[in-house]
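Dear colleague,

Please find the structure below, together with its sequence. My notes on the contact between the chains, and on one helix, follow it.

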Amino acid sequence: MVKISLGPIQYYWKKQQVFDFYNEVSELPVERVYLGETVCSKRRELRLEDWLEIAQQLTTSGKQVCLSTMTLIEAASELSQLKKLCQAEHGFMVEANDYGAVQFCSESQTPFIAGAMLNLYNHRSVEKMLALGAQGWVMPYEITRQSLSALLNGLSPEVADKANTEVFSWGKVPLAYSARCFTARHHELPKDSCQLVCGEYPEGLALESQEQQRFLNINGIQTQSGHSYNLLSEWRDMQALGITWMRISPSLSNTKSIVETLANAIEMNSDIARACADDECNGYWFGRSGLERVA
Amino acid sequence: MELVSPAGSWPAFKKAVDNGADAIYIGFRDETNARHFAGLNFDDKNASKALNYARSKGKRVYLAINTYPQTARWSAWQRAVDMAADLGVNAIIAADIGVLEYASQRHSTLHRHLSVQGSATNLGALTFYAENFGIARAVLPRVLSAKQVAQLASASPVPLEVFGFGSLCIMAEGRCFLSSYVAGASPNTCGACSPASHVSWKNTGDQLEVWLGDMLVDRFEADENAGYPVICKGRFIANDKTYHAIEEPVSLNSMALLPELIDMGVVAIKLEGRQRSPAYIAKVVSIWRQAIDAAKSNQPFVVQPSWTASLATVAEGGQTTLGAYEREWQ
């Protein structure tokens, strides 16, 4: 049976907002929750202790918790934070979003999930991660259904049932990471004195083409898709393919309704009425450009 | 300090060797390398000719097999690695961990360089690739400041190569899906960013529009230099402001940092541009040869204004930047 996971919050929310959000999440029908800051190390509304407190609460509510690492790790300070997160003392699984995290997790034998930015495009690389202790893996966003199916069929039988494949199924797709902060650039501020201006955009800053086409969404050093990706209606097919987890990416406004829609469909074994809407996209899955919408 | 030049064709390869490159990197004529453009790159016959020429001049050849294979096409990458070993290239440049593992197990004596597409920006990642695949060198992504490069160079388990000149990726390499989001093909999967097959130009009278797929990337006035529509260098609108939201058309030029990079122990400087002409290769390689020789001499190093001016003529938008090496750029 396919299960629902909730990805890490990609934006810079206030501490209270984050606590309130996870209070609500504890009541939602998701089985796994990814926690932590994955975009920018300057975002320090919550410290590791705060995240661990939320992790504890969610665990008490019956959720499986996984701590997500940063994605672009450059400074020595970021590396030591990473090392700390990857040591198993806190008792939670880790989502490794950089090979540095894979290294530290495998050194300290911390169970980990291989994140989407590790670029696991084929059966061999997935097998390598499983051999190093990965408990599951997240498919790169741009892989098609067909390619994923071939990958899963290509896995050796000994590991195939341990792959625990996860597919990003709803939300703004993280398309790129940079050394430069584009939110600070928009405000004509250098990154080193950014005034944490990304905090003013709890759902990112929309970027349109000069023809007013919705295009991208700026979130600090991360660039996201302008449209929300929506594969909810594919849940039955995903289950048939052997996918274990469908990931929902948090947003301020509609996480609850998205999760409930999907959970309800799975529970009732019914189709999802909410197919991909006009302002959403699903192209990657169907072998098209990511921003396309296949009806 | 080794000067590593690109070559997308035999004439370009010859120019690179003749103008002073120490090593030349090439790719096969398919999607196994990150510059998979029509009419570009080497078949095994041309690769063999290039290798012979390089050897006769005491130069090294690296083969880029640096895209990410998907399962159905895995055998093409495996074949490319086997062919590289048969040809006897000095190293392959790879990013995919499946490819790296295959190469290290099947051809253990074939040197492996970690491609910039492998996104190794920190000591943990470098250690991962070194311990698991025995890489002999890593190419650093263009996202690190000079200070961060220095810190890495002092602790890295493997020698490091950095970018010197050429097109500037604004995003961490290997972690950018902007091209496939708009135009299907990406550097990771197909070795193409903003593929030419998806580009269209529209003259609207007083302006020239450039589109990638169905997305308007920029509009140019008659007096503006109309650039190729890589998404990260287009003009977009945010909060009613129309601007280069990500970056302007500009090329990287880190020449001013050469003495520093040599002191750090960086072993090689990479030039970008396998898709560029033999004339570009000749010009850029000969200038960088002079610069490296000057930086290694006992004289104080000065970037000659004539070098800068000459490089600007082949730079995107006629401009160059130190990029992320300089904190202010970030």
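Across the interface of chain A and chain B, 50 residue pairs are in polar contact, both residues being at pLDDT 80 or more; a polar contact is a pair of N or O atoms within 3.5 Å, where one must be able to donate a hydrogen and the other to accept it, and residues adjacent in sequence count only if both atoms are side-chain atoms. The side of chain A that touches chain B is made up of 33 nonpolar, 21 polar and 13 charged residues (nonpolar: Ala, Val, Leu, Ile, Met, Phe, Trp, Tyr, Cys and Pro; charged: Asp, Glu, Lys and Arg; polar: the others, Gly among them).

This is a predicted model, in which local features need pLDDT of at least 70 and side-chain atom pairs pLDDT 80 or more, while totals for chains, interfaces and linings use all residues. Residues are numbered from 1 along each chain as its sequence is written, chains are lettered from A and ligands numbered from 1 in the order in which they are written, and side-chain values use heavy atoms, without hydrogens and water.

The interface also holds 7 salt bridges (a side-chain nitrogen of Lys or Arg within 4 Å of a carboxyl oxygen of Asp or Glu). One of them joins Lys241(B) to Glu188(A), at 3.3 Å from N to O.

Turning to helix H5 of chain A, residues 123-131 (helices are DSSP runs of H or I, at least four residues, numbered from the N terminus), a side-chain oxygen of Asn122(A) at its start lies within 3.1 Å of the backbone nitrogen of Arg124(A). Just after H5(A), Gly133(A) has a positive phi of about 110°.

With kind regards

Technical notes: Buried means under 20% relative accessible area, exposed over 50%, partly exposed in between (1.4 Å probe, protein chains only). Helices (H or I, at least four residues) and strands (E, at least two) are DSSP runs, numbered from the N terminus.
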